[in-house]
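Me: I would like a close look at one part of this protein. Please keep the explanation plain.

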Amino acid sequence: MEVQAPAFVLTPGRAYLTSAVGAAGFICMMYLKKESRTSRYDRDAIENIRSRFFGAAANCAGCLASLLLAQSPLAAEASTLQKLGLGGGLYGQAVATASCASLTLLLFAGVLRESVHEKSLPTVSVRGLLLPATSAEYQQARAYLVGPLSEEIVFRVCTHFWLHAAGVPLGRNVAFSVASFVLAHVHHLYRYLASKSFARALLVVLANCVVHSTFSLYSSYFYIVTGSLPAALVAHSLCNWMGPPSLGYLQDGSIPNSVKWQITAAYVVGITGFLYFAPRLDPSFFGSYFYA
């Protein structure tokens with residue numbers, strides 16, 4: 001009996017193309033509705049957020065189906081749970097998630113201290129995240145759950161797997177994931193042009209590209225070392241919750257110098273601690289298939 005060839009055998013070219021299609025789908029699903037491509041579109045309206053949730057879910061489903069159907073010698077070495085970022089057992093997933101969450105909070109110690117002083121950290125309702133009802137709850141679900149989950153599935157779980165399974169070196173794998181993640185956020189230029197000049201909007205987008213590239217490297221490191229989707233998701237959600245450092249406290253004359261020193265010390269200790277502990281995550285402990 002003749003054995004038929006697999007329907008989807010990964011090669012480097014196919015892996016790059018599939019990753020690019022997944023990233024493009026992530027963007028295109030946001031603009032399926034005609035009104036979403038106009039300056040009058042309200043991205044925070046409940047019906048529009050819900051519509052984009054469905055679009056993100058459809059794109060993730062397609063990416064995950066492609067991930068599970070892809071075949072190669074390296075792909076065969078990973079179990080289905082490992083491919084999905086859920087390998088290593090419950091204990092391994094718990095340790096990975098706790099480790100990445102702790103390292104994220106440590107890195108953002110200065111941001112946390114500054115936010116505590118300014119009382120600027122958003123209050124998040126678990127019920128609102130899982131069963132949003134108001135516009136504010138839908139926006140939080142987008143920022144802290146659906147957005148991070150869909151991005152981690154497309155740009156970390158699927159992209160890293162496709163490229164790894166096709167034999168693409170790890171450095172190029174990460175570089176492509178970072179580039180696609182950054183380019184997937186350039187579309188915000190379209191929205192900024194509605195309220196800013198082109199030069200100003202472009203400057204904002206370029207600044208965001210720097211932030212997104214830094215974050216993408218951060219998230220890719222956690223995912224590749226731990227092989228854990230929950231770990232990368234929690235780290236992503238925490239980053240969105242705390243936000244980038246503003247350093248506005250340095251020029252705020254209303255903040256006592258003693259508090260400024262506390263905030264500065266928190267930044268220094270947090271960044272130093274992160275740089276010390278993060279490289280000590282052991283891929284062999286977590287069973288990451290990237291190091292198999």
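Which helix gives the most to the lining of the largest pocket, and with how many residues? Please take me through that helix and what it pairs with.

Reply: This is a predicted model. The helix in question is α8, which contributes nine residues to the lining of the largest pocket, the most of any. α8 covers residues 135–165. The pocket itself has a volume of about 1300 Å³ and is lined by 41 residues, with E151, H185, H212, H236 and N240 nearest its centre. Sorted by class, the lining holds 21 nonpolar, 15 polar and five charged residues. Other helices that each supply at least two lining residues include α1, α2, α11 and α12.

Next come the salt bridges. Side chains of opposite charge can pair when their charged atoms come close. The count here is three salt bridges.

One joins D44 to R142, with the closest N and O atoms 2.6 Å apart. D44 sits in the loop between α1 and α2 while R142 is in α8, so this pair ties together parts that are 98 residues apart in sequence. D44 is partly exposed, at 25% relative accessible area.

Another joins R127 to E137, where the closest N and O atoms are 2.4 Å apart. Because R127 belongs to helix α7 and E137 to α8, the pair links parts ten residues apart in sequence. R127 is partly exposed at 45% relative accessibility, whereas E137 is buried at 14%.

There is also a bridge between R156 and E152, at 2.9 Å between the closest N and O atoms. Both of these residues lie within α8, four residues apart, or about one turn of the helix. R156 and E152 are both buried.

Notes
Residues numbered from 1 in each chain as written. Predicted model: local features only at pLDDT ≥ 70, side-chain atom pairs only at ≥ 80, totals over all residues. Heavy atoms only, no water. 1 Å grid on protein atoms, 1.4 Å probe; cavity = no way out; pocket = protein on both sides within 12 Å on 5 of 7 lines; lining within 4 Å. Points joined across faces, edges and corners; volume = space filled by probe spheres on them. Nonpolar A, V, L, I, M, F, W, Y, C, P; charged D, E, K, R; others polar. Salt bridge = Lys/Arg side-chain N within 4 Å of Asp/Glu carboxyl O. Buried < 20%, exposed > 50% of the residue type's maximum accessible area, 1.4 Å probe, protein only.
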